[in-house]
Amino acid sequence: MAKLIIYLLFITILFSFIFLTMSKETEYNPESYGAGSLKSYQCGGECTRRCSNTKYHKPCMFFCQKCCAKCLCVPPGTYGNKQVCPCYNNWKTQQGGPKCP
């Protein structure tokens, strides 16, 4: 019985370690974002990720790709975080609203 408890404890610790290691890899890393952090061929995939949670997918993709082509940067996540891409954040419409999603 004691061997079973030790085995289950070991498996629990092992899975915890694996989970923590995997979550560190997907953590936000500010060095991997910013103006010029992307190549132009990467814009499609990054904009698909950025626009994945919006109900206005077509306009989001259009403007995101336009902004990415100019700035070579797409902020992390599906919303916000624009401060890591100043060009993306500062490009405004004629009315003063944000141009980039």
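Guide: Let us begin with one residue. Lysine 39 is exposed, with a relative accessible area of 52%; exposed means over 50%, buried under 20%, and partly exposed in between, with a 1.4 Å probe and protein chains only. Lysine 39 sits in the loop between helix 1 (2-25) and helix 2. Its C-alpha lies 9.2 Å from that of cysteine 68, and the two are 29 residues apart in sequence. Please note that this is a predicted model, in which local features need pLDDT of at least 70 and side-chain atom pairs count only at pLDDT 80 or more, while totals for chains, interfaces and linings use all residues. Residues are numbered from 1 along each chain as its sequence is written, and side-chain values use heavy atoms, with hydrogens and water left out.

Visitor: How many helices and strands does the protein have?

Guide: Helices (H or I, at least four residues) and strands (E, at least two) are DSSP runs, numbered from the N terminus. Here there are 4 helices and 0 strands, and the pattern along the sequence is α-α-α-α. Of the 101 residues, 21% count as buried.

Visitor: Which residues of helix 2 are buried, and against what do they pack?

Guide: An α-helix has 3.6 residues a turn, so residues three or four places apart point the same way. In helix 2 (residues 43-50), the buried residues are Cys43, Cys47 and Arg50. They lie on the same side of helix 2 because they cover an arc of only 55 degrees around the axis, the arc being that of the directions from the helix axis to the C-beta atoms. These buried residues pack against helix 3 (57-71) and helix 4 (86-90).

Visitor: With which residues is arginine 50 in contact?

Guide: Contact means heavy atoms within 4.5 Å. Arginine 50, a residue of helix 2, counts as buried at 3% relative accessibility. Leaving aside neighbours within four places in sequence, its contacts include Cys64, Val74, Pro75, Tyr88 and Pro101. Across the protein, among contacts between residues at least 6 apart in sequence, 54% join residues at least 24 apart.

Visitor: What is the volume of the largest pocket, and which residues lie nearest its centre?

Guide: Rolling a probe the size of a water molecule over the atoms shows where empty space is left. On a 1 Å grid over the protein atoms alone, a pocket is an open set of points where a 1.4 Å probe fits, with protein on both sides within 12 Å along at least five of seven lines, and lining residues have an atom within 4 Å of a point. The largest pocket has a volume of about 270 Å³, and Thr54, Cys60, Thr78, Tyr79 and Pro101 lie nearest its centre among 15 lining residues. Helix 3 gives the largest share of the lining, 3 residues.

Visitor: Where are leucine 72 and asparagine 81 found?

Guide: Leucine 72 belongs to the loop between helix 3 and helix 4, and asparagine 81 lies in the loop between helix 3 and helix 4 as well. Phi of leucine 72 is near 55 degrees, a positive value in a residue other than glycine; for asparagine 81, phi is near 60 degrees, again positive. Leucine 72 counts as partly exposed at 27% relative accessibility, and asparagine 81 counts as partly exposed at 33%.

Definitions and conventions. Grid points are joined across faces, edges and corners, and a volume is the space filled by probe spheres set on the points.
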